[in-house]
Amino acid sequence: LKPRESAPPLIAALVGGGTYTLGKEPPDNFSLVVFFRGLHCPVCNAYLNTLQSLLPDFAKRGVEVIALSMEAAQRSAQCKTEWGLDQLQLGHSIDEATAREWGLYVTAQRKDDEPALFTEPGLFIIERNGILSSAVINTGPRLRPDLHEVLALLDRRLSESMA
């Protein structure tokens with residue numbers, strides 16, 4: 001998985017029903033795909049709540065946003081409800097093969113409240129034509145990209161495309 005190459009396919013069931021398919025309905029400018037660990041992760045809770053609070057800022061820039069995990073439907077629905085993510089699209093049940101195709105680290109359960117397998121975080125910016133623009137892949141729950149910096153990067157990319 002390298003910048004300036006096509007992003008891997010991505011199809012995910014959505015909490016509340018329906019399916020997300022990367023690129024099926026291309027966004028105005030970019031897709032922001034955020035993989036998270038799951039319900040057991042308080043750092044994910046805080047990060048996704050920040051992401052949700054910035055959804056209007058991403059929308060102003062023509063950016064489609066989705067957060068995804070390997071969690072089963074029930075646990076993903078619990079995330080959405082307990083974490084108050086009423087505006088953020090949440091995809092669930094990502095399989096291990098898809099996670100690895102995206103270059104994500106996959107962790108095996110270490111504590112009882114964790115799923116058997118889960119991805120470590122990853123953030124991907126995909127151009128509307130399906131080309132990977134930027135990627136940050138984490139080995140653990142911390143040191144994620146500051147979402148305000150992501151917005152600044154998008155602003156720079158958008159201004160470059162207009163020049």
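Y105 sits in the loop that runs between α4 (96-101) and β6 (106-108). Helices here are DSSP runs of H or I with at least four residues, strands are runs of E with at least two, and both are numbered from the N terminus.

Ground rules next. This is a predicted model, where local features need pLDDT of at least 70 and side-chain atom pairs count only at pLDDT 80 or more, while totals for chains, interfaces and linings use all residues. Residues are numbered from 1 along each chain as its sequence is written, and side-chain values use heavy atoms, with hydrogens and water left out.

Back to Y105. Its relative accessible area is 45%, so Y105 is partly exposed. Buried means under 20% relative accessible area, exposed means over 50%, and partly exposed is in between (1.4 Å probe, protein chains only). Together with L1 and I137, Y105 makes a nonpolar surface patch of about 270 Å². Patch residues have over 30% relative accessible area and no salt bridge; nonpolar side chains (Val, Leu, Ile, Met, Phe, Trp, Tyr) are joined within 5 Å, like charges within 9 Å. Areas are Shrake-Rupley, with a 1.4 Å probe.

Now K80, in helix α3 (residues 73-82). K80 is buried yet has no salt bridge. A salt bridge needs a side-chain nitrogen of Lys or Arg within 4 Å of a carboxyl oxygen of Asp or Glu. The nearest side chain of opposite charge is D86, 7.1 Å away. Lys and Arg count as positive, Asp and Glu as negative; His and chain ends are not counted.

What does the K80 side chain reach? The backbone oxygen of L88, at 2.4 Å. Beyond neighbours within four places in sequence, K80 has contacts (heavy atoms within 4.5 Å) that include V15, L85 and L90.

On to the salt bridges. The whole structure has six. One of them joins R4 and E127, at 2.5 Å, N to O. R4 lies in the segment before β1 (11-14) and E127 in strand β8 (residues 122-127), so the pair ties together parts 123 residues apart in sequence. R4 is exposed at 55%; E127, at 17%, counts as buried.

Next, E120 and R37, at 2.8 Å, N to O. E120 is in the loop between β7 (117-119) and β8, R37 in the loop between β3 (30-35) and α1 (42-53), 83 residues apart. E120 and R37 are both buried.

Last, E96 and R100, with closest N and O atoms 2.9 Å apart. Both lie in helix α4, four residues apart, about one turn. E96 is partly exposed at 32%, and R100 is partly exposed at 46%.

Note on methods
Polar contact = N/O pair within 3.5 Å; in protein donor to acceptor, adjacent residues only side chain to side chain.
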